[in-house]
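Here's a quick briefing to read alongside the model. Have a look at the fold first, then work through the points below.

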Amino acid sequence: MSVRSAAPPRAGLVYSILITLGLIAAIVGAATVIYISYEYVTRQELREPVPIEDTGHSQLPSWLA
C-alpha cells in the first residue's frame with residue numbers, strides 16, 4: 001500500500017503569486033535595461049566623457065607608486 005500526499009490547500013495561490021512576482025520583476029528589469037541603453041545611445045557625454053582636468057590630486061603619492 002502506498003501513501004500519496006496531496007498538495008497543500010493553497011499551493012495554487014502561492015504558485016500564482018510567485019509567477020506574478022516573477023513577471024513583475026522581469027518587466028522592471030527589462031525596463032531598466034532599456035532605459036540605461038536609451039540614455040547611453042542618446043547622450044554623447046556618456047559615450048565620450050570629457051577628461052577631468054588634472055589638478056594634481058588625482059595622482060598617486062610617490063611612496064605608494
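Glu39, Arg43 and Glu45 are tied together in a network of salt bridges (a side-chain nitrogen of Lys or Arg within 4 Å of a carboxyl oxygen of Asp or Glu). Keep in mind that this is a predicted model, where local features need pLDDT of at least 70, side-chain atom pairs count only at pLDDT 80 or more, and totals for chains, interfaces and linings use all residues. Residues are numbered from 1 along each chain as its sequence is written, and side-chain values use heavy atoms, with hydrogens and water left out.

**Salt bridges**
- The count comes to two salt bridges.
- Arginine 43 meets glutamate 39 at 3.2 Å, N to O, and glutamate 45 at 2.9 Å, N to O.
- Glutamate 39 is buried, at 16% relative accessible area (buried is under 20%, exposed over 50%, partly exposed in between, with a 1.4 Å probe and protein chains only).
- Arginine 43 is partly exposed at 35%, and so is glutamate 45 at 43%.

**Chain overview**
- The protein chain has two helices and zero strands (DSSP runs numbered from the N terminus: H or I of at least four residues for helices, E of at least two for strands).
- Of its 65 residues, 3% count as buried.
- The chain exposes about 6500 Å², with carbon and sulfur atoms supplying 67% of that (Shrake-Rupley method, 1.4 Å probe; for residues, only the protein chains shown count as cover).

**Nonpolar patch**
- Residues including Leu13, Tyr15, Ile19 and Val28 form a nonpolar surface patch with about 1000 Å² of accessible area together (patch residues have over 30% relative accessible area and no salt bridge; like charges are joined within 9 Å, nonpolar side chains (Val, Leu, Ile, Met, Phe, Trp, Tyr) within 5 Å).
- Tyrosine 15 sits in helix 1, residues 11-42, and is exposed at 53%.
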